[in-house]
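Good morning, colleagues. Please turn to the sequence and the model on the screen, and I shall guide you through them.

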Amino acid sequence: MTTIPLIKTHCVRDLAWSCFGQNLINDFADIGSTDSVQSCHISLTEARLQWLQQLDQDPAPLVNYLKQIRSPRIGLYFEALWQFFIQHDAQLELLAHNLQVSQNKQTVGEFDLIYRDISTGHHYHLELAIKFYLNKSLTVKPAIFSSDFKHWLGPNAIDRLDIKTEHLLNHQTQLSANEAGKATLSRLGVDHVMTEIAIKGQLFYPLKINPPPLSVALSPNHDYGHWIHLSKLERIIQNSGDWVILNRSEWISPVYAAIAELTDRVKNPVSLQAILTVYFSNNIQPVMICALEQVGEHYREKLRFFITHDRWPEKLRHS
């Protein structure tokens with residue numbers, strides 16, 4: 001597979017990482033899937049690399065496409081990036097996206113993407129997910145690290161990796177197998193689809209788990225960072241340089257920005273500690289931060305962390 005290059009335009013960089021970044025899970029058979037659900041087969045070819053580089057030079061088509069998004073939800077943004085890519089790829093044809101499936105006048109599900117691979121003629125049903133999970137296994141007794149999917153929680157401490165994968169495998173990817181789903185596909189002229197999942201994002205390990213141990217179920221090359229309670233923040237910021245607090249819209253791809261663009265947001269360790277201390281005195285949602293290094297006239301991401309309330313995840317669950 002071709003390596004994702006350095007891309008300067010934020011939304012183009014997000015597109016590259018959304019469509020061609022590492023999966024969290026590559027083989028769904030490793031988590032008990034007994035059907036034909038596969039990880040998305042689309043890869044970064046040389047032709048797609050050239051397209052990304054051209055789009056980086058002139059991102060206006062993507063920027064204009066993304067203006068249609070009426071919600072700040074990262075999942076909708078992620079889906080829109082995929083839609084744009086497939087619509088513009090010479091080897092793929094987008095037949096439908098967010099296609100609702102109804103039965104007895106009630107919606108029973110939705111196909112994220114239906115597309116055709118022009119080179120093979122095969123039709124695909126692709127389900128999409130972008131997730132950021134923190135491993136909480138060391139916060140319970142006995143404090144033994146485990147990569148079991150039930151220990152991976154979303155920042156809100158409600159969403160869990162085991163629940164998400166179960167829903168993907170037993171509901172979302174099964175739409176094409178029921179009569180209502182088949183009827184919906186038939187109206188597109190499609191009588192059979194191959195079912196795929198693209199689950200992207202990043203996993204955050206407890207700070208002491210470094211490097212993360214290999215897991216049979218997780219992709220060996222998945223993107224990862226670490227998380228730490230606020231009271232332990234000094235462990236990661238002492239004797240360090242510049243930091244930035246990331247907005248949710250900046251979670252997908254690594255930070256790369258002109259120094260002038262980030263000047264007002266960059267914090268030194270002292271100011272970062274002060275800001276987060278005040279924040280967690282009134283808030284309980286974790287915060288994603290990023291360590292920066294200067295490369296010429298730009299800042300580039302070095303490390304990424306989630307900082308949590310000292311009682312995460314229990315405080316969130318009981319709030």
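In which helix is Ser-18 found? Ser-18 is found in helix H1, residues 10–20; helices (H or I, at least four residues) and strands (E, at least two) are DSSP runs, numbered from the N terminus. Before I continue, please note that this is a predicted model, in which local features need pLDDT of at least 70 and side-chain atom pairs count only at pLDDT 80 or more, while totals for chains, interfaces and linings use all residues. Residues are numbered from 1 along each chain as its sequence is written, and side-chain values use heavy atoms, with hydrogens and water left out.

Let me stay with Ser-18. With a relative accessible area of 0%, Ser-18 is buried; buried means under 20% relative accessible area, exposed over 50%, and partly exposed in between, with a 1.4 Å probe and protein chains only. Leaving aside neighbours within four places in sequence, Ser-18 is in contact with Phe-78, Leu-81, Trp-82, Lys-200 and Ile-252, where contact means heavy atoms within 4.5 Å. Ser-18 and Tyr-77 are 59 residues apart in sequence, and their C-alpha atoms are 9.9 Å apart in space.

I now turn to the chain as a whole. The protein chain has 10 helices and 11 strands. Its C-alpha trace spans about 60 × 50 × 35 Å along the principal axes. For 319 residues, a compact globule would have a radius of gyration near 20 Å, and the 21 Å of the protein chain agrees with this; the radius is taken over C-alpha atoms, and the globule rule is 2.2 Å times the number of residues to the power 0.38.

How much of the protein chain is buried? Buried residues make up 49% of the 319 residues. The accessible surface comes to about 15,800 Å², and carbon and sulfur atoms hold 49% of that surface; these areas come from the Shrake-Rupley method with a 1.4 Å probe, and for residues only the protein chains shown count as cover. Among contacts with a separation of 6 or more, 66% are between residues 24 or more positions apart.

Next, the interior. In soluble globular proteins, nonpolar side chains tend to be buried together. A nonpolar core here is a set of buried Ala, Val, Leu, Ile, Met, Phe, Trp, Tyr and Cys residues joined through side-chain atoms within 4.5 Å. The largest nonpolar core has 58 residues, and Leu-15, Leu-52, Leu-62, Trp-82 and Phe-85 touch the most other members. Helix H4, residues 74–88, supplies the largest share of this core, with nine residues. Apart from this core lies another, of 18 residues, among them Val-37, Tyr-133, Leu-168 and Leu-203.

What does Leu-15 touch, not counting residues up to four places away in sequence? Leu-15 touches Trp-51, Leu-52, Leu-55, Leu-62, Leu-81, Phe-84 and Phe-85.

Thr-308 is found in strand E11 and, at 0% relative accessibility, counts as buried. Residues up to four places away aside, Thr-308 touches Leu-134, Trp-227, Ile-228, His-229, Leu-230, Phe-280 and Pro-286. Thr-308 and His-125 are 183 residues apart in sequence and 37 Å apart in space, C-alpha to C-alpha. His-151 is found in the loop between strand E4 (123–135) and E5, and His-151 is buried, with a relative accessible area of 11%. Leaving aside neighbours within four places in sequence, His-151 is in contact with Leu-134, Asn-135, Lys-136, Ser-137 and Ser-146.

I close with the backbone. Which residues does a cis peptide bond with omega of about 0° join? That bond joins Asn-210 and Pro-211, and Pro-211 has its place in the loop between strand E6 (194–206) and strand E7 (224–229). A cis peptide bond also joins Trp-312 and Pro-313, with omega about 5°. Pro-313 is in the loop between strand E11 (298–308) and helix H10 (314–317).

Positive phi values in residues other than glycine may also be pointed out. Asn-98 has phi near 50°; Asn-98 is in strand E2, residues 92–103, and is partly exposed, with a relative accessible area of 27%. Ala-157 has phi near 65° and lies in the loop between strand E5 (152–153) and helix H5 (161–170). Ala-157 is buried, with a relative accessible area of 6%.
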